[in-house]
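Dear colleague,

Please find the structure below. The notes that follow it set out what was found.

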Amino acid sequence: MLILNGIDEVRAAVGTHLGHSDYRVVTQQEIDRFAALTGDEQWIHVDVERAKEGPFGGTIAHGLLTLSLGPRLAKTIYRIDGMAVGVNYGYNKIRFPAPVPVNSKVRLGATLSSVEDVAGGVQVGITFVWEVEGGTKPACVAEMLLRYTPAGASR
């Protein structure tokens with residue numbers, strides 16, 4: 001795991017690929033739970049028999065389920081220390097170029113893409129790329145935005 005300590009190290013790392021997470025399997029149980037939680041119970045996600053005859057040959061994970069795995073997987077790649085507080089500020093340009101078939105393995109790659117000064121601290125952009133093992137295109141690409149208040153900064 002890469003540890004960046006303080007805003008100076010974060011700024012110096014802009015453009016750096018931070019690494020990859022391990023692969024993790026996306027199960028039908030997770031897809032079903034996500035569908036129940038969000039109300040998105042489209043057959044390509046939850047109807048195993050019908051999906052076998054569909055465009056993907058089986059069920060696929062929701063794009064938003066894939067996206068939601070980002071923070072969990074990112075915690076295994078990097079950590080930013082030396083900040084009083086950090087919050088998820090949102091995402092830029094989320095795309096889902098390829099499906100995540102049920103029981104496939106996905107991993108996350110992260111690149112520190114930007115640092116901007118904002119009121120009370122900095123906004124850090126980290127470009128996430130979700131890969132399906134054996135796939136030719138990413139399953140998801142998005143820039144996560146985080147807002148940090150440096151340790152010792154007045155609020």
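Where does Thr66 lie? Thr66 is in helix H5; helices (H or I, at least four residues) and strands (E, at least two) are DSSP runs, numbered from the N terminus. Thr66 counts as buried, at 5% relative accessibility. Here buried means under 20% relative accessible area, exposed over 50%, and partly exposed in between (1.4 Å probe, protein chains only). Leaving aside neighbours within four places in sequence, Thr66 is in contact with Ala61, Val100, Trp130 and Cys140, where contact means heavy atoms within 4.5 Å.

Two remarks on the basis of these notes come next. The model is predicted, so to speak of a local feature requires pLDDT of at least 70 and side-chain atom pairs count only at pLDDT 80 or more, while totals for chains, interfaces and linings use all residues. Residues are numbered from 1 along each chain as its sequence is written, and side-chain values use heavy atoms, with hydrogens and water left out.

The chain as a whole

The protein chain has six helices and eight strands. Along the sequence they follow the pattern β-α-β-β-α-α-α-α-α-β-β-β-β-β. Taken along the principal axes, the C-alpha atoms fill a box of roughly 55 × 30 × 20 Å. Of the 155 residues, 40% count as buried. Among contacts between residues at least 6 apart in sequence, 70% join residues at least 24 apart. The accessible surface comes to about 8,400 Å², of which 51% belongs to carbon and sulfur atoms; the areas come from the Shrake-Rupley method with a 1.4 Å probe, and for residues only the protein chains shown count as cover.

The strands

Two strands pair if DSSP finds at least two bridges between them. E6 and E7 run antiparallel and are joined by twelve bridges, with Leu108 opposite Trp130 in E7. The hairpin of E6 and E7 has two residues between the strands, and Gly120 there takes a positive phi near 85 degrees. Strand E2 (residues 17–20) pairs with E6 in the antiparallel sense over three bridges, and the bridge partner of Gly19 in E6 is Ala110. Strand E3 (residues 24–25) is also antiparallel to E6, through two bridges, with Val25 opposite Lys105.

Strand E8 is joined to E7 by nine bridges, in the antiparallel sense; Gly125 stands opposite Leu145 in E8. Nine bridges also join E5 to E8, and these strands run antiparallel; the partner of Asn92 in E8 is Glu143. E8 is mostly covered, with eight of its eleven residues buried.

The nonpolar core

In soluble globular proteins, nonpolar side chains tend to be buried together. A nonpolar core is here a set of buried Ala, Val, Leu, Ile, Met, Phe, Trp, Tyr and Cys residues joined through side-chain atoms within 4.5 Å. Which members of the largest nonpolar core touch the most other members? They are Val10, Tyr78, Phe128 and Trp130, in a core of 36 residues. E7 gives the most, with six residues.

Not counting residues up to four places away in sequence, Tyr78 touches Met1, Leu2, Leu18, Ala110, Ile126, Phe128 and Leu146. Leu2, in strand E1 (residues 2–5), is partly exposed, with a relative accessible area of 31%. Leu2 and Gly19 are 17 residues apart in sequence and 7.9 Å apart in space, C-alpha to C-alpha.

Two backbone angles

Lys93, in strand E5 (residues 83–95), has a phi near 40 degrees, a positive value in a residue other than glycine. Lys93 is exposed, with a relative accessible area of 65%. Asn103 lies in the loop between E5 and E6 and has a positive phi of about 65 degrees, although it is not a glycine. At 52% relative accessibility, Asn103 counts as exposed.

With kind regards
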